[in-house]
Amino acid sequence: MIPLKDSLLVPYVENFTTRIQASPATFGLVAGQGAELYSRKQAFVNAYNAMMNARADGTRSEALTVTKNTKKTAVVSYARELYALISANNSVSHTDKTLVGVHVRGAGPTPVPAPTVRPGMIVSSVVGRTVSTTIHESATSANRRKPAGAVQAYVYWFAGEDYPSDPTGWQFAGPANKADFQFTLPNTVANGSQVWICAAWVSRKGDTGPASVPISTNVQGGGAASAQGELKIAA
C-alpha cells in the first residue's frame, strides 16, 4: 500500500514516479500517465520541502501546511489509480511490481534492497576535537532526507595525510539518524592532524550502500584546510 506518513510518502512517490516515467510500458502504462504523476509528485515534494524548511527555521506556517496537504491528496489519489492498474496487470512481473512499490499478493513481505545512493557530506564546524557534519541525500542533492530504503547512515573517520583504500583502515564514528551528526576524536589524534570523513546509507536490515566521497578537515591546533578526494574505499 501507498504510505501516508509524509516522511515515508516522499521517498515512495519519488521511486514510484521515477520508475514509471523511465519505462511506463513496463508497468502497463503510457507516457501521459507518467507525466501526470510526475507533475503531481513534484508539486507535493516542493510543498513538503517548503514546509519542512520553514519549520527548520522555526516557522510553523498554516498556509504552507494546507498547501502541502492539498498537493499530497492530489498525488496520493492519482498514485492509487496507477497502483491499482499495475497490481491488477498480470503482464507486469512480480519483480517489476516489487521494484515500483506495488505489493504482490501471496509473495510475502516486499524485500528492501540495500541503498544504492552515495551520501553527500559537508563539515559544518570543528570545535576542539568535536567535528560537526551534515549528511545530504546524495552528492548531487542538498536534501537533508534519507533516500528510499535507508533508515540511517554509518559515519567513518581516518586520521592521516591520505585515506586508506582498505575499508578496515577506517574508524567507526557512529550511526547518524539525522542529517546533522557530531563525533569527538580521541586524544590520540594530534592537534592539527588531517582527518578524513565519509558515510554510507544503511537499510533497516543493516545492509550498507556505497560510501560517500571522503572529505577532509583538520583538528584544531593546526591548519584548517579542507579537501575532497576521489573515492577509493569499497561499500
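First, the ground rules. The model is predicted, so to speak of local features we need pLDDT of at least 70, and side-chain atom pairs count only at pLDDT 80 or more, while totals for chains, interfaces and linings use all residues. Residues are numbered from 1 along each chain as its sequence is written, and side-chain values use heavy atoms, with hydrogens and water left out.

Now the cores. A nonpolar core is a set of buried Ala, Val, Leu, Ile, Met, Phe, Trp, Tyr and Cys residues joined through side-chain atoms within 4.5 Å. Buried means under 20% relative accessible area, with a 1.4 Å probe and protein chains only. The largest such core has 24 residues. Phe16, Ile20, Leu37, Phe44 and Ile86 have the most contacts inside it. Helices H1 (6–22), H2 (31–56) and H3 (62–88) each supply at least two of its residues. Helices here are DSSP runs of H or I, at least four residues, numbered from the N terminus. H3 gives the most to this core, 7 residues.

Take Phe16. Beyond its neighbours within four places in sequence, its contacts (heavy atoms within 4.5 Å) include Leu37, Ala79, Tyr83 and Val100. A second, separate core has 19 residues, among them Val131 and Phe183.

On to the pocket. A pocket is an open set of points on a 1 Å grid over the protein atoms alone, where a 1.4 Å probe fits, with protein on both sides within 12 Å along at least five of seven lines; lining residues have an atom within 4 Å of a point. Of the 49 lining residues of the largest pocket, Pro11, Lys146, Pro147, Ala148 and Gly149 are the closest to its centre. H1 supplies the largest share of that lining, 9 residues.

Notes:
Buried means under 20% relative accessible area, exposed over 50%, partly exposed in between (1.4 Å probe, protein chains only).
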